[in-house]
Amino acid sequence: MGTSQILIGLDRGSAVPLQTQLCDHIVDAVRTGKLQPGDPVPPSRQLAHELDVSRTVVLRAYELLRANGVLDGRRGSGTRISSTLPGGQAPAGSTRTSTLAPEPPVAAPADHPLWQPWQRAADNAVDFRHSTPALAQFPISRWRRSVDEAFTRADAALLGYGPAEGSPALRAQLTALLRRSRALLAPADRILITSGATQAIDILVRLFVKPEDVIVIEDPSHMVLRQIFGYARAAVVAVPVDEQGLRVDDIDRHVRAAGHEPGRVRLIYVTPSHQFPTGCIMSPRRRRDLLRWAVAHGATVLEDDYHHEFTRTGERIPAIAADPGDADVAYVGSFSKTLFPSIRIGYAVLPPHLVQPFLGLKWITDRLTATVTQEALATFISSGSYAWHIGRMDRLYRQRRRRLLDALHGQFGGAVRVSGADAGLHVLATIGGVRGADPAEIARQAQARGVLVHPAADFFLGPAPDDPTFLLGYGAVPAERISEGVAAFAAAVRAVSGPR
């Protein structure tokens, strides 16, 4: 089909994914001179309409092309063929590798999902958004008492520039909290308060990852992390996960396939307590293998423990950082899911040699995280309100999780495959028997029925699942509406795929 830029023909009967075909067409056009440095490419919405494909296909293709230096994009100026193509031309075969060197977020075009703000669903909609807690159930009155107490105690020192490492009271509470919940013996002088876990990760990457280094991440993973790691200009190598977590034995192969030596790996990012987005829990054996690999190659493990409070397995597995052996493990967490996202309080537990360099960058970045809010949180924890709230939310989430699983199996029977039900606030649901159905079109059909479901394809760097796969968050959906939402979701699947 002819676009405003170049003739593009997609073979819908091919086993090659449409996004890969689109990447290959653009790369070939650059190689043959049909597209020149500086030439614009169509906006993603326009190209998706012209090719009659989901906009997700175009967005993922453009992201891969930007990551490999073929496209440039900045807000307000559209997306163009890069004026500094690697080696003077687009890299051969680069669109089919899981190795990325992504640009910082400022390089993304204005219509890229990264720029879209968090939007509240319509009041009557059922929104299965992931990572959203039950904000309507937050104990405002208890939190208000903690805030009032913090301001009652506030003096000039508390209202001024506090220590970059954070409130001593909050760090002391975290020491006890992590010891009890994660078996992590972390003295307060190794706990540093940040403005969310994302800031902690960003500082760590800036601290010790250089452009010639390699960062290993899980596949699938969150696209925001790929952007954070892109600031280091390091090579990012995605290694697949399975039901036991990161496939540690495959790290060497994937790193070498990307043209690097394993000895250049400086950082390995993992989400072991609830892998994002598959939800699998890393097995004890994989954890041991990961630590051995890190020691042997001089790499640091970055453990993002974002959902550890809500685990439904019989036995709680400690944090990797609880028993790192000789490995360097940087542990990060936050209160965004347990309390509320706008609290903007996270923390990092670091090996001793990283503490002072981390504080230097933290001080330059924002001086400190809101001190009075830290004091209020310390009071909220010490008063027992935090433990009370976690227990109450755990019971609520168990009820909502059970309702979601029952509804999915009731609507789809054995055709649905669910992972991630043992922890966290979301599951990954794959709908079998409808191969070829466009997940984005299913989402549109569901939205027309008053339900928001979220395709998972964007989180995969390697091949996305053949069957439509969705990330379904249940934390913020009342139990009585979950069955209603899943029924509408099933109707949307039938509308796209035909009678089952």
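Throughout these legends, buried means under 20% relative accessible area, exposed over 50%, and partly exposed in between (1.4 Å probe, protein chains only). This is a predicted model, where local features need pLDDT of at least 70, side-chain atom pairs count only at pLDDT 80 or more, and totals for chains, interfaces and linings use all residues. Residues are numbered from 1 along each chain as its sequence is written, and side-chain values use heavy atoms, with hydrogens and water left out.

**View 1. The salt bridge between Arg-286 and Asp-242.** A salt bridge here is a side-chain nitrogen of Lys or Arg within 4 Å of a carboxyl oxygen of Asp or Glu. The closest N and O atoms of Arg-286 and Asp-242 are 2.9 Å apart. The pair links distant parts of the chain, with Arg-286 in helix 10 and Asp-242 in strand 7, 44 residues apart. Helices (H or I, at least four residues) and strands (E, at least two) are DSSP runs, numbered from the N terminus. Arg-286 is buried at 13% relative accessible area, while Asp-242, at 21%, is partly exposed.

**View 2. Helix 8, residues 223-230.** Here 7 of the 8 residues are buried, so the helix is largely enclosed by the rest of the structure. Among the buried residues are Met-223, Arg-226 and Phe-229.
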